[in-house]
Amino acid sequence: MKKVLGILIVLVMILSAGSAVSAAGAEAVTAADTLYELGLFNGTGTNAYGRPVYDLDRAPTRQEAVTMLVRLLGKDAEAKKGSWETPFTDVDDWAKPYVGYAYENGLTNGTSATTFGGNETVTASQYLTFVLRSLGYDSNTDFQWDAAWDLSDQIGLTDGRYTNAKTFLRGDVTIVSCSALDVVQKGSSQTLAEKLIREGIFIQAEYEQAILPPAVLQESTEKPDTVNVTFAINGEMLPWDWHYRTGAGTYIVTPYLDGQPFDDYEVEVEDGSGTVYKNGDGTFTVEFPAKETFFIALYYNFIEHDNGNGDSSISRTKRSLTFDIPIPASGFAISRKNWTLLPGISFGQNTTPYYVLDVYYDGVRINDYTVTASGSALTPSVQADGTLLLMKDGFGKGQFTITYKGKKASFSAWGLE
């Protein structure tokens, strides 16, 4: 790919793999995506294109809510490995490790001496109680479990929106859970996110990338009045801070400016294989062969400037949107913030001092691999969870070889300044 791939990483307008905004709401989808990137939320499966399905408009059961809590705390593997004893007779087999972990660690109680209410719908107060306990608060002394929002509002975990008067959805779970990452634990100066970083659940670089806000490339020093551009693809409204991973096909894209369709824009291919052209109805067509990541630039907010002496110039604002290929079912692939990179591809960026990569083989993320490097621009480090971290040591190209069960694949990356 061309160097523009490396220059525009943080500025890329990525289309989401999550649920439609019109259904769950952008806030819930964004929270779910953030948690998913950090490995703290699984969703309910994947669709035909490998994108996660979050099911955010459904009310979760108590055992589902506890499972999501345990994953939020980075204890999924520990819960599965443990031998937990509880007095409850109404917990489904798949949920027993999670309910057992939460019960033995004082995060949840039952609805009676022998029942947990596993398949009962969880209430807002119940899930807030779970989270508050995980932050170190005691439901006997610090707050009332059946009015947990009083304390959660006070410490900034919630913002006054929750009571038991309305149904508490999976989307609400993601919003509360994502908010909890930035809340300081009781009796500590550490946030939950900082605790998870210290425990090795994820690294600082991954956290920074997951919470990174969308950015706008402003080609003018004059800030435009409106910069909120969103997109719908084939009629599906998608959040504006995510990547669109899909198969080959023809896609009709409708751009929106501050929630309204608009036509005063230009669109062109920025990098990669594919075709894009503007239609006469405000939409544009993307023909995506799914051979590699495809970058598209949309320009809008054209402003004419008087340069004096009768000269003028026009500045414009840019959004980039990206179509990406699914993780292949066979062979090696590397995913960089959900971008699929196949062996032999060179990439680079100049916006952060590191790259955070996931390595796949035959469509499955792997962690028991080794990596060797040549060149001095980047230093590789395989993290405990299998994440491959490349730290930049200077300008230049680094060549890397991944070995997994006797199979090898090579790729290269640039340490841009």
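How many salt bridges does the structure hold? The structure holds 15 salt bridges, a salt bridge being a side-chain nitrogen of Lys or Arg within 4 Å of a carboxyl oxygen of Asp or Glu.

## Basis of the model

This is a predicted model, in which local features need pLDDT of at least 70, side-chain atom pairs count only at pLDDT 80 or more, and totals for chains, interfaces and linings use all residues. Residues are numbered from 1 along each chain as its sequence is written, and side-chain values use heavy atoms, with hydrogens and water left out.

Side chains of opposite charge can pair when their charged atoms come close. One of the pairs is D142 with K186, whose closest N and O atoms are 2.7 Å apart. D142 lies in the loop between α7 (124-134) and α8 (149-154) and K186 in the loop between α9 (170-180) and α10 (192-198), so this bridge ties together parts 44 residues apart in sequence. Helices (H or I, at least four residues) and strands (E, at least two) are DSSP runs, numbered from the N terminus. D142 has 29% relative accessibility and counts as partly exposed; K186, at 40%, is also partly exposed. Here buried means under 20% relative accessible area, exposed over 50%, and partly exposed in between (1.4 Å probe, protein chains only).

K278 and D263 form another salt bridge, at 3.7 Å from N to O. K278 is in strand β11 (residues 275-278) and D263 in the loop between β9 (260-261) and β10 (266-271), so the pair joins parts that are 15 residues apart in sequence. R316 bridges to E266, again with 3.7 Å between the closest N and O atoms. This pair links distant parts of the chain, with R316 in strand β14 (residues 311-324) and E266 in strand β10, 50 residues apart. R316 is partly exposed at 24% relative accessibility, and E266 is partly exposed at 41%. Salt bridges also link K75, E78, K195 and E199 in a network.

## Packing of α4 and α6

Helix α4 (residues 62-72) packs against helix α6 (residues 96-104) at an angle of about 70°, and their axes are 9 Å apart. Axes are lines fitted to C-alpha atoms, for helices over the stretch in contact, and angles run from 0 to 180 degrees between N-to-C directions. That makes α4 roughly perpendicular to α6, a term for angles of 65 to 115 degrees.

On the α4 side, Q63, V66, T67, V70 and R71 meet Y98, V99, Y101 and A102 of α6, where contact means heavy atoms within 4.5 Å.

How values were computed. Angles under 35 degrees count as roughly parallel, over 145 as roughly antiparallel, 65 to 115 as roughly perpendicular and the rest as oblique.
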